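Please walk me through this protein model, from the overall fold down to single residues.

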Amino acid sequence: MKFISTSAKLAITFISALFVLTLSGCMSTSEPHSDNRAWVTTWATATEDIREGFWMSKGHFPPKPLENDTLRMFMRTSIGGDTLRIKFSNEFGTSPITIQVAHIAEAAAPDASATDGAINTDTDTALTFGGSAGTVIAAGETVYSDPVEFKLSPLDVVALSVRYGDIAEKPITGHRGARTTSFFATGDKVSAPNLADAVKKDVWYTTTAIEVLQPDPFKTIVAMGDSITDGYGTKYNHHTRWTDYLAERLTNNPATATVGMANVGIGGAGSEMSVERYGRDVSNIEGANWLIIFIGVNDIVYGNNRPASYVINNYKAMADKAHAEGLMVYGVTITPMGKHSEDADKESVRQEVNHWIRVTAQKEGFYDGLIDFDEIVRDPQKPTHMLPEYAVDDLHLNITGYKTLADAVDLTLFEDK
């Protein structure tokens, strides 16, 4: 049974150089290259405003000063390529960030972030910015590194090592839910074989995407979601989100081996927040072709009696934006809420929202297909709960549950038509 249906030039002065670098970082460069290749996202994360006084920021500031020191972060990519670039963001900063030097390397092992942060030094490659070793990212801006030759295999784990200059730590752009350990080392350690003695924290800062040059039909799926998509309940450093498992299936299936995966889930997010960040976290994903919308449970559980129409209207707003950009949109049903469904009003809203996703959304042209995660993981004997073997708590899944979600996705939806 299918659970998803179809549907420059260097400047003479520092100021002018900074201008050029900042401009190049802000401009879209997704147009085809002379060899008919274009930038396609192989890894991305949602940007978060980690600031003082915001409940989501608690405990997520850098564990030590970043200025003049090295941060090494690990990311598992999806599609491969031989030329890549990195996107750096100071979206939420209120002062410039200086990158003195940045390197990319292959991780020594897929789980190197779980131990000593080791890299394969034979692959250690310096990044440049407008031909220079470093750059300055103005407050509120993003910057791309120059294209660099780098052999990236599908599902590779890479280490991005950045030595910062001036950088404020509050506020800072990052992602709380990395669920992959980053290494905070003293001094210039960008090419160090390992960072066993570094301070560690499971968070990403300033880096939001890795892109590769690829021809058609390479394209990317963007998964918009909350903590279930961000990976609460996964095994840290082992890439066990449902989107990770889906990336593996896509890669191993010849018909979808050209499909990348971008996870832009944010723990604690609701549907209105998702509409507000759409332009930042979806529109800016190079090569995006599909949007999966899996959001809404926080609106129901913690939303102070928000009606189904509130969630549905936010779905419609995202779908309209996506369709206007030429994306296919797939809706995902809200999974069981366990004890939270003991509130009959909340469960009624979930059922109403799920009915709209299953039936009305496609009839009215908002969604191009359905992923019925609710049907996959609910307990037939107690459908307001997940099957015990899939659940880590009333709302979140464990590794088995996340793999089950990914295994249920009909890959034909992502085949080149």
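The paragraphs below start with the whole chain and then turn to its sheets, loops and single residues.

This is a predicted model. The protein chain has ten helices and 22 strands. How does its radius of gyration fit a compact globule? A compact globule of 417 residues would have a radius of gyration near 22 Å, and the protein chain has 21 Å, so the two agree. Along the principal axes, the C-alpha atoms fill a box of roughly 65 × 45 × 35 Å.

Next comes the surface. Of the 417 residues in the protein chain, 58% are buried. The chain exposes about 16,300 Å². Carbon and sulfur atoms supply 52% of that area. The chain carries 36 positive and 54 negative charges. Their mean positions are 2 Å apart.

Now to the sheets. Strands of a sheet pair through backbone hydrogen bonds, in either a parallel or an antiparallel sense.

Are the faces of β17 covered or open? Both are covered. Val259, Met261 and Asn263 are buried on one side, and Gly260 and Ala262 are buried on the other. That makes five of five residues buried in β17.

Further along this sheet, β18 (residues 288-294) meets β19 (residues 328-332). The two strands run parallel and are joined by four bridges. Tryptophan 290 stands opposite methionine 328 in β19.

A second open sheet has three strands, ordered β2-β11-β14 with antiparallel pairing. Its edge strands are β2 (48-50) and β14 (204-205), and each pairs on one side only. Strand β11 (residues 172-175) pairs with β14 in the antiparallel sense over two bridges. Histidine 175 stands opposite tryptophan 204 in β14.

There is also a hairpin, formed by β21 and β22 with two residues between them. Here β21 (residues 378-379) and β22 (residues 382-386) run antiparallel, joined by two bridges. Aspartate 379 has lysine 382 in β22 as its bridge partner.

Arginine 72 sits in strand β3 (residues 70-76). Is arginine 72 buried or exposed? Its relative accessibility is 0%, so arginine 72 counts as buried. Phenylalanine 183 is 111 residues away from arginine 72 in sequence. In space, their C-alpha atoms are 5.0 Å apart.

The loops hold some backbone exceptions. Most residues other than glycine have a negative phi, and most peptide bonds are trans. Which bonds here are cis? The peptide bond from lysine 170 to proline 171 is cis, with omega near -5 degrees. Proline 171 lies in the loop between β10 (157-164) and β11. The bond from aspartate 216 to proline 217 is cis too, with omega near 10 degrees. Proline 217 is in the loop between β15 (207-214) and β16 (219-225).

Positive phi values also turn up in loops. Histidine 239 is not a glycine, and its phi is positive, near 55 degrees. Histidine 239 lies in the loop between α2 (227-230) and α3 (242-252). Asparagine 304, also not a glycine, has a positive phi of about 55 degrees. Asparagine 304 is placed in the loop between α6 (297-302) and α7 (308-324).

How do these loop residues stand for burial? The cut-offs are under 20% relative accessible area for buried and over 50% for exposed. Histidine 239 has 12% relative accessibility, so it counts as buried. Asparagine 304 has 69%, so it counts as exposed.

Key. Residues numbered from 1 in each chain as written. Predicted model: local features only at pLDDT ≥ 70, side-chain atom pairs only at ≥ 80, totals over all residues. Heavy atoms only, no water. Rg over C-alpha atoms; globule rule 2.2 N^0.38 Å. Buried < 20%, exposed > 50% of the residue type's maximum accessible area, 1.4 Å probe, protein only. Areas by Shrake-Rupley, 256 points an atom, 1.4 Å probe, with all protein chains shown as cover. Lys, Arg positive; Asp, Glu negative; His and termini not counted. Charge placed at Lys NZ, Arg CZ, Asp CG, Glu CD. Pairing = 2+ DSSP bridges.
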